[in-house]
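Here are some notes to read alongside the structure. Each point takes up one topic.

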Amino acid sequence: MAFTDLCRQSCSRASESDRCYRYFPCLADPARRSSLCLRLVLVIMHLVYAGILFLFDKDLIEKTRREPWYTALYLLLFLATLVQYFITACSSPGYVIDAIKAVSLLANYNRDASKKNGSFVVTVDDPLRRNLLGCDSPWSKTVMDLHLPGTPTRNYICSYCNVDQPPRAKHCHDCDRCVLKFDHHCTWLGTCIGYSNHCRFWWYIFLESALCLWTAFLYINYLHINISQTWWKSAIMVAMLIFLLMSSIFLLLLLLFHSYLILTNQTTYELIRRQRISYLSHVPRRVCPFNRGMCRNPYYFCCGGSSYLERVPTPHELEERSRPYTCWDALTCRCCF
Ligand SMILES: [Zn+2]
Ligand SMILES: [Zn+2]
């Protein structure tokens, strides 16, 4: 083939892709393209797993006629899992830049309100609002107060975004932004898991685990009744069941791991990269510095508030948290509060 033909072909292919990107601008970004592909793969996998079951399993169809609520419950879980996946994937993990905007807006609003009242004094209890007036950068002051006194500013200024990071925030190179209470960047969801969507992520893995286990149970039930019939159907079902069981084990372990993180108020990043985090590297491994107790941790995890602005504990507080448990501590439920 002549060189000019090759050039013409590649040019026409480029113009086709340009036209495609004009109609679907999200496809122009390779990262968004791959995350869209992953989402499509996930939906197809779910449809294939449930579809094959309803296609092959005549007993299930018969059971649906007799007890429609059983299949309705399964389909409800199926739908809820997919909806939760998309809600988590499309939600913001809580970017530092958004928190800065919110704090600045709040500062401007309070300043205007104070001017109208002829006073610059703000009497609010929220630690977020306390240092907003009389300071050029309310966010910087708030962040500085959350770190231990004397901490060099270079330790918490992001060299990529040039913003002040509150404790527990981290820059994500995939999202190219700093994320509050950074947990990890989830490739499967195509987004970061952080302060704002960690709870949604937990619910997603909970629903996905339940769906996988129920589907595995239906596959086992089918094989138990129909194993001696058509061999190729059984082979397909066995192969799919093996993958399903492996996914279920992985999801259950992930669910247990994240439940442990929630109960101890830790993140995956803090647990794995503890030595790299300046304010955690000197803390003994058995001590969870941000632990508020097994009752308060899930409450703040679910109900949020301004809990992304967590102060680095002082050496005295750390010493108190690392104190060994006594019988009195067990009686007074020290681990809970
Ligand atoms: Zn950053
Ligand atoms: Zn990310």
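1. Two residues are said to be in contact if their C-beta atoms, placed from the backbone, lie within 7 Å. By that rule, I262, L263 and T264 in helix α9 meet N297, P298 and F301 in helix α11. The residues of this contact divide into four nonpolar, two polar and no charged. Please keep in mind throughout that the model is predicted.

2. How do the axes of α9 and α11 cross? Helix α9 covers residues 231–264 and helix α11 covers residues 296–303; their axes come within 6 Å and cross at roughly 105°. Angles of 65 to 115 degrees count as roughly perpendicular, and α9 and α11 are therefore roughly perpendicular to each other.

3. For the overall picture, the protein chain holds 13 helices and four strands. Of its 337 residues, 22% count as buried. Among contacts in the protein chain with a separation of 6 or more, 62% are between residues 24 or more positions apart.

4. An unreviewed UniProt entry places the feature "transmembrane region" at residues 38–56, 68–87, 201–223 and 235–263. Such annotations may be inferred rather than shown by experiment. Two of these spans can be set beside the model. Residues 38–56 are 100% helix and 0% strand, with end C-alpha atoms 27 Å apart. Residues 201–223 are also 100% helix and 0% strand, and there the end C-alpha atoms lie 33 Å apart.

5. Next, a point on backbone angles. Most residues other than glycine have a negative phi. R168 has a positive phi, near 80°, and is a residue other than glycine. Where does R168 lie? It is in the loop between α7 (138–146) and β1 (170–172). A residue is buried if 20 or more other C-beta atoms lie within 10 Å of its own; R168 has 28 within that distance, so R168 is buried.

6. N265 also has a positive phi, near 50°, and is likewise a residue other than glycine. Its place is the loop between α9 and α10 (268–272). Is N265 buried or exposed? N265 counts as buried, because it has 23 C-beta neighbours inside 10 Å.

7. To find these places in the view, start with α9, residues 231–264, and its crossing with α11. The α9 side of that contact is I262, L263 and T264. Then look at N265 in the loop between α9 and α10. Last, turn to R168, in the loop between α7 and β1.

Technical notes: Residues are numbered from 1 along each chain as its sequence is written. Chains are lettered from A and ligands numbered from 1 in the order in which they are written. This is a predicted model: local features need pLDDT of at least 70, side-chain atom pairs count only at pLDDT 80 or more; totals for chains, interfaces and linings use all residues. Helices (H or I, at least four residues) and strands (E, at least two) are DSSP runs, numbered from the N terminus. A residue is buried if 20 or more other C-beta atoms lie within 10 Å of its own, exposed if 12 or fewer, and partly exposed in between; C-beta atoms are placed from the backbone. Axes are lines fitted to C-alpha atoms, for helices over the stretch in contact, and angles run from 0 to 180 degrees between N-to-C directions. Angles under 35 degrees count as roughly parallel, over 145 as roughly antiparallel, 65 to 115 as roughly perpendicular and the rest as oblique. Ala, Val, Leu, Ile, Met, Phe, Trp, Tyr, Cys and Pro count as nonpolar, Asp, Glu, Lys and Arg as charged, and the others, Gly among them, as polar.
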